Amino acid sequence: MANKIKPKFNFTWFYIAAGAILLSMLLFDGGNKEQIREVKYSELRDYVERGYVEEITVHDNGEVEAYLKKDSASNVFKGAEIRENARPLVITTIGSADNFDEFIFEMKKPDENGNTRFDGTLTYKRESGFFSNFLWSVGPFIIILFIWIFIMRRMSGGAGGQGGVFNVGKSQAKLFDKNNTPTITFKDVAGQEGAKQEVKEIVDFLKNPKIYTELGGKIPKGALLVGPPGTGKTLLAKAVAGEANVPFFSMSGSDFVEMFVGVGASRVRDLFRQAKEKAPCIVFIDEIDAVGRARGKNPSMGGNDERENTLNQLLTEMDGFGTNSGIIVIAATNRADILDKALLRAGRFDRQIHVDLPDLNERKAIFGVHMRSLKLDPSVDVDLLSRQTPGFSGADIANVCNESALIAARKKKKAIDKQDFLDAIDRIIGGLEKKTKVLTQKEKESIAIHEAGHATISWFLEHANPLIKVTIVPRGRALGAAWYMPEERQITTKEQMLDEMCAILGGRAAEETFIGQISTGAMNDLERVTKQAYAMVAYAGMSDRLSNLCYYNNQEYSFNRPYSEKTAEAIDAEVHKMITEQYERAKALLSEHKDGHAQLAKILIEREVIFAEDVEKIFGKRPWASRSEEIFDNKSNETPVTEPEVATDEPVTAE
Ligand code: ADP
Ligand code: ZN
């Protein structure tokens, strides 16, 4: 199959050319057939007397143009070179046409030697100049206008004809298929088992659509890969295409955003037109948030209409193709939360696949993938390297491998050794600076103790959400995270809320109990606990002193509290009392299960991630096992809630 995608036309060249043409038209006043010099009237008379002039035109505004004989021109244009194909011309202005007429009449008479000094033609011209003046002053604008209209029509007409200069509205998608790229398969994607499992289904759909459609099933149209940069989202999408053996279109969301009105929408249209020709295929849109950010709530604020048009076009296209057309759109973003809800609706990007930073074992696997092609010295210890690179993304690790080869080559070594890798890691860390959080061993320990605190307490409280997984791999702004299976409930009892509170406080309680020092790492926890405690006391009437009172105020802009100063003090006191009680409870529980907690923290430091199984091995089965068993089977479709911790180095705004 021929590759239909035209090489990207660089539009700047077009602007430069157009600008140059206009400029030269203005400068050279309609071409350069003449070589012009402006002279004084006396000079002109002099030239005529000497017989240099062969043709004179007098305009009625007093302007005189006198063409010189070719061989005399060098006397007038002193020093300057006379161009081969240019007529030398001098211009000047005269006071009175009558006088000039008389002068020429004199010149036409033969002199004492019988020579006529001027034997050329003399013409008088009435200014038809209005029109040409008009043309020269307005012409360029008309030309610009025409070009503009032309571009606009091209764009809104949706990239009609192929190629040509005016293909702004064409999508700039890169096409990868069997012909121009080596196929990438799941083998090339290390780790990310969960994500791979989910996209495998898409591969199946693409390979055997009939099996699904014959049963009346609907093939998904879109999947959203969510995760930080460099974690292999593009790689994963390419692997899907590679495994299913279908073409792969790749485009970045920011490519849709242009300063011209209508370009984005037209590019979307063009992209899908191309995709339909190649179906079944994968369309990959990187950084979809560039177009997919939630549309403005307030239309009068203007907002970015152009982006919205593009987004609407994308939605229209996705709704437009049938579920059996064989196009699957995979989009990637770092932030699913800012996307327009319409994008996430059923039939569009209704599947979200999380692609997180790799943990220790996954990093090992990624090193494995990228070391395949390297010549390694036996001293290289993958285990150690993986340990040295917490917080690195897959792309960072690929970078380390590449950099180590460069370092070794610079030192003229035969193979890459351990030190080269360590140097490469140092260099990458230096380059990353703030972008990736690289934890020191001490920070890692303190985060592990904090997270193990949450894990321990939630294991021993009946109503705390059962834990699924805890990691200390930094995620975005968070330093660690725990996943819990939320319980579906319509009504929450006081006991449940208190248990939850206790589990959330478990992080800080562990810090205080086992490190003897508390940190800002718990800020996010404390915020949640405080909010919940206020809600319990002031709205749900769950405290002893203010029982059965609800001070909820549903007027949005009311500056009066619906209670007295004294009640406010009572609320504050009750909230404080409630939180303190739960904090003490957490500390007591932790002291009771000190050894288990220490083991958990140790595993966390070693492996960076623990699962419910690990906790069970240490503490034994949970007395309230009914729900957690489901979780071990991992069959549940519920999305677990994550509880991120705010980074310690985030600026704290004091009130
Ligand atoms: P993203 O699209 O998430 O920003 P990419 O897919 O572009 O990241 O990844 C960039 C590069 O990093 C890949 O080409 C690959 O070399 C490397 N990489 C990232 N994740 C992995 C992984 N899980 N396994 C192997 N290589 C990876
Ligand atoms: Zn915490």
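A polar side-chain atom of His-370 lies 2.8 Å from a nitrogen atom of ligand 1, a polar contact in the sense of a pair of N or O atoms within 3.5 Å, where pairs within protein also need one atom able to donate a hydrogen and the other able to accept it, and where residues adjacent in sequence count only if both atoms are side-chain atoms. The protein covers 80% of the 550 Å² of accessible area that ligand 1 has on its own, the areas coming from the Shrake-Rupley method with a 1.4 Å probe and, for residues, with only the protein chains shown counted as cover. This is a predicted model, in which local features need pLDDT of at least 70 and side-chain atom pairs count only at pLDDT 80 or more, while totals for chains, interfaces and linings use all residues. Residues are numbered from 1 along each chain as its sequence is written, chains are lettered from A and ligands numbered from 1 in the order in which they are written, and side-chain values use heavy atoms, with hydrogens and water left out.

The backbone also takes part in the contacts of ligand 1: a polar backbone atom of Ala-190 is 2.8 Å from a nitrogen atom of the ligand, and one of Thr-231 is 3.3 Å from an oxygen atom of ligand 1. In total, 15 residues surround ligand 1, and the closest are Ala-190, Gly-230, Lys-233, Thr-234 and His-370, a residue being near if one of its heavy atoms lies within 4 Å. At least three residues of this shell come from each of domain 3 (169–297 + 304–354) and domain 4 (360–430), with bounds taken from an automatic or database domain assignment.

Elsewhere, strand S10 (residues 327–333) has seven of its seven residues buried, that is, under 20% relative accessible area, with exposed meaning over 50% and partly exposed in between (1.4 Å probe, protein chains only). Strands (E, at least two residues) and helices (H or I, at least four) are DSSP runs numbered from the N terminus. In a regular strand the side chains alternate between the two faces of the sheet. Here Ile-327, Val-329, Ala-331 and Thr-333 point one way from S10, and Ile-328, Ile-330 and Ala-332 the other way.

Strand S7 (residues 222–226) runs parallel to S10 and is joined to it by five bridges, with Gly-222 opposite Val-329. Strand S9 (residues 281–286) likewise pairs with S10 in the parallel sense over five bridges, and Ile-282 stands opposite Ile-328; pairing requires that DSSP find at least two bridges between two strands.
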